[in-house]
Amino acid sequence: PQPRSRNRSVPFPSSNFLPNAPPHLFSPSPPAGDRRDQTAAANCPSFLNLFSSPFQLLCTPWKRGFKGFWYILPTLTQLPPPTPPNPFQYSISHQPLNPRDPTFLQKKKQSSKLYETQRLSLTMAASLQAGSTHGIVRNQPFPPLRSASPCYGNSVSFPSQLPSLNLKSTETSMSVRFSTIRAMAKSDNAAEAVELDISLSPRVNSVKPSKTVAITDQATALAEAGVPVIRLAAGEPDFDTPAVIAEAGINAIREGYTRYSPNAGTQELRAAICKKLKEENGLSYSPDQVVVSNGAKQCIIQAVLAVCSPGDEVVIPAPFWVSYPEMARLADAEPVIVPTSISENFLMDPKVLESKLTEKSRLLILCSPSNPTGSVYPRELLEEIAKIVAKHPRLLVLSDEIYEHIIYEPSKHTSFASLPGMWERTLTVNGFSKAFAMTGWRLGYIAGPKHFVSACNKIQSQSTSGASSISQKAAVAALGLGYAGGEAVAAMVKAFRERRDFLVKSFGEIEGVKISEPQGAFYLFIDFSTYYGSVVEGFGEIADSESLCRYLLDKAQVALVPGVAFGDDTCIRISYAASLPTLQAAVERIKKAIVSLRPAVPV
């Protein structure tokens, strides 16, 4: 007989139905004098014992050359399903395995396959006990598994084409096709359907979404809907990338520089970065101590992941860039916030810093010029901080210098790694987005001791790999513009300073507002806390920086970022990376909205 097609009923085989079948197919006793069948029968009882569950699965060829196998489901037993044998302890004959046996690994593999076979049969039996008859027995359901009642099913159906599993012993070979048992045991009851697990990693759940990105997206959606929103939330220069840089990128495409770049960055760009750091920052690095990434943001997260272990502390002065604490959490480290005050221009007090340091302190993050305050750390203050850092052998410093060229005289930029004894423990991060108006080119770099930078390079090799080859060609042109970016950058800095002066003067005229004049970057961090507690008809209470920003977006249609996102709820951040006419219109709208508020706290 040939194997039946899928889902067709097959009568129960018997000795009458299969006259040519060997006797041991239906009887555990081998026929006398039949050595071949004795050998096969000797293996059958052990195989049957593995399937002494409510359903017994028997399979064996009975004629040389026969390519099909009969799947027989003869009876239900009254015994509960046995515990599957441990495949690492017993062989097919249920004898303990001897690790010193030369065939130990082969027998262990055979036993593992049989263990899986029985597990699938037990899965089918358990499903049937739950009330499923899907694709197994037709016309009549099976009684409960522990019942002594006979089986009333009168036909059995199995798919005819199944993947095979070879079970080899020293003298016999059998092929058991069982992989669809799991599918056949599927329940028809919808209530028993497996529910998808949509849980997220605890590490991800600990991270807060970026409020700057959220507010920027909200403002963009309003603008696209036709609402005349003035967007002053994003930290992105409104200038176009200088023409020389753009042309270098275009030429890179035309000349075929469109393939993968080396993971750490091209040799040409890394050499140019080393030259820049030496001439402008007084820092000596070799190209193998520099890694180029897809933006300074990637450099920072890779550095945090590279040096921080679970339980370490990352020390961050507040106000801070919104991503610093979340990056620490992604590394299973604990952010430790060092508060500053507007009266001190948001500069960290070395004594307060020292009080926050412990044996767990691993990384201090400094950003000068600062986002969101625009504060610039003078060299004298940095030297005091360096003396404190030197007392802690585990403490490293990440110096975020992305705004170094956007600085207003008489302030001067100082690289922390240039201070005595700080080169060995400082990771310097910089990039091209801010000073060169290359935000969309996505290019930054990190420089430091090779031991730490190589770790960052390793992380990058398993995440994004090398940065854009086109952007790197453009970056080489940017570094070739001259000291501190040459005239192109100087023109942008001049415009930023004019905008800063206008905003400081304009907001200084509003009652109750406190301002720290920024010395760099393009942000104004203004204290509006005197207006907290005000109640606006049709809006509600202005309780904090977030509700104030929502009020200004609703009333004045100006998008700003609440200070709570930066660790200081008394302030809001205004980005003046916008044209002067745009800023003038924004100030007029904000003033009109603030007029309806009366300071809740006496000035």
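Axes are lines fitted to C-alpha atoms, for helices over the stretch in contact, and angles run from 0 to 180 degrees between N-to-C directions. The model is predicted, with local features needing pLDDT of at least 70 and side-chain atom pairs counting only at pLDDT 80 or more, while totals for chains, interfaces and linings use all residues. Residues are numbered from 1 along each chain as its sequence is written, and side-chain values use heavy atoms, with hydrogens and water left out.

**View 1. The packing of helix 14 and helix 16.** Helix 14 (residues 486–507) packs with helix 16 (residues 580–595) at an angle of about 15°, their axes lying 11 Å apart. The two helices are therefore roughly parallel, a term for angles under 35 degrees.

**View 2. The contact of helix 14 with helix 16.** Contact (heavy atoms within 4.5 Å) involves residues of helix 14 including Arg 499, Phe 502 and Phe 507, and residues of helix 16 including Leu 583, Val 587 and Lys 591. By class, this contact has 7 nonpolar, 2 polar and 2 charged residues, where Ala, Val, Leu, Ile, Met, Phe, Trp, Tyr, Cys and Pro count as nonpolar, Asp, Glu, Lys and Arg as charged, and the others, Gly among them, as polar.

**View 3. The lining of the largest cavity.** Of the 16 residues that line the largest cavity, Pro 317, Pro 319, Cys 367, Ser 370 and Tyr 377 lie nearest its centre; lining residues have an atom within 4 Å of a point on a 1 Å grid over the protein atoms alone, and a cavity is a set of such points where a 1.4 Å probe fits but cannot get out. The lining comprises 11 nonpolar and 5 polar residues, with no charged residues.

Methods
1 Å grid on protein atoms, 1.4 Å probe; cavity = no way out; pocket = protein on both sides within 12 Å on 5 of 7 lines; lining within 4 Å. Helix = DSSP H or I, 4+ residues; strand = E, 2+ residues; numbered from the N terminus. Parallel < 35°, antiparallel > 145°, perpendicular 65-115°, else oblique.
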